[in-house]
Amino acid sequence: MKNYRITVNGVAYEVSVEELGAGEVPAASTPAAAAPAVAAPVKKAPAKKAGAEGSVKIAAPMPGKIVDVKVKAGDAVKKGDVVIVLEAMKMENEICAAQDGQIAGVEVSVGDTVEGGDVLVTMN
């Protein structure tokens, strides 16, 4: 067994790695569930960008990466207009306005990574 300390996003984890010989199969008597549990780090909420906040929030339906922002604060949009393009699982998903209104604030930028439920755009 070799012990290592691995740091991921500033959080250090202690791990033990067993080296297997060529063609050797891991023992079935040591299931992964028996390994000591490591607490997941607490995810910090993204910093809120300065700007107006509208009463209608358009949220990300799934985790992904922002590849295009089609609107800016002050733009008038109609129901169904594309406001954000979100890439998830190598597919570009168009996020549309749910109603007519005016964009109050854009909370993301091209290249940002978002989680499902994160607010992308607010509108009035």
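Q: What should I know about the model and its numbering before I start?
A: Welcome! It is a predicted model, where local features need pLDDT of at least 70 and side-chain atom pairs count only at pLDDT 80 or more, while totals for chains, interfaces and linings use all residues. Residues are numbered from 1 along each chain as its sequence is written, and side-chain values use heavy atoms, leaving out hydrogens and water.

Q: How many helices and strands does the protein have?
A: Helices (H or I, at least four residues) and strands (E, at least two) are DSSP runs, numbered from the N terminus. Here there are 0 helices and 10 strands.

Q: In what order do the 4 strands of the open sheet come?
A: Two strands pair if DSSP finds at least two bridges between them. In this open sheet the order is S7-S6-S4-S9, with antiparallel pairing. Its edge strands, S7 (91–96) and S9 (113–114), each pair on one side only. Strand S6 (residues 82–88) is joined to S7 by 6 bridges, and Val-85 stands opposite Glu-94 in S7.

Q: Which residues touch the most other members of the largest nonpolar core?
A: First, the terms: buried means under 20% relative accessible area, exposed over 50%, and partly exposed in between (1.4 Å probe, protein chains only). A nonpolar core is a set of buried Ala, Val, Leu, Ile, Met, Phe, Trp, Tyr and Cys residues joined through side-chain atoms within 4.5 Å. The largest one here has 17 residues, and Val-83, Ile-84 and Leu-120 touch the most other members. Strands S3 (56–59), S6 and S10 (119–123) are the elements giving two or more residues to this core.

Q: What is Leu-120 in contact with, beyond its neighbours within four places in sequence?
A: Contact means heavy atoms within 4.5 Å. The partners of Leu-120 include Ile-58, Ile-66, Ile-84, Ile-95 and Val-114.

Q: How many salt bridges does a search of the whole structure find?
A: A salt bridge is a side-chain nitrogen of Lys or Arg within 4 Å of a carboxyl oxygen of Asp or Glu. The search finds 3. Glu-14 pairs with Arg-5 at 2.7 Å, Asp-68 with Lys-70 at 3.1 Å, and Asp-75 with Lys-72 at 3.2 Å.

Q: Are Glu-14 and Arg-5 buried or exposed?
A: Both Glu-14 and Arg-5 are exposed. As for the other pairs, Asp-68 is partly exposed because its relative accessible area is 27%, and Lys-70 is partly exposed at 48%. Asp-75 counts as partly exposed at 21%, whereas Lys-72 counts as exposed at 54%.
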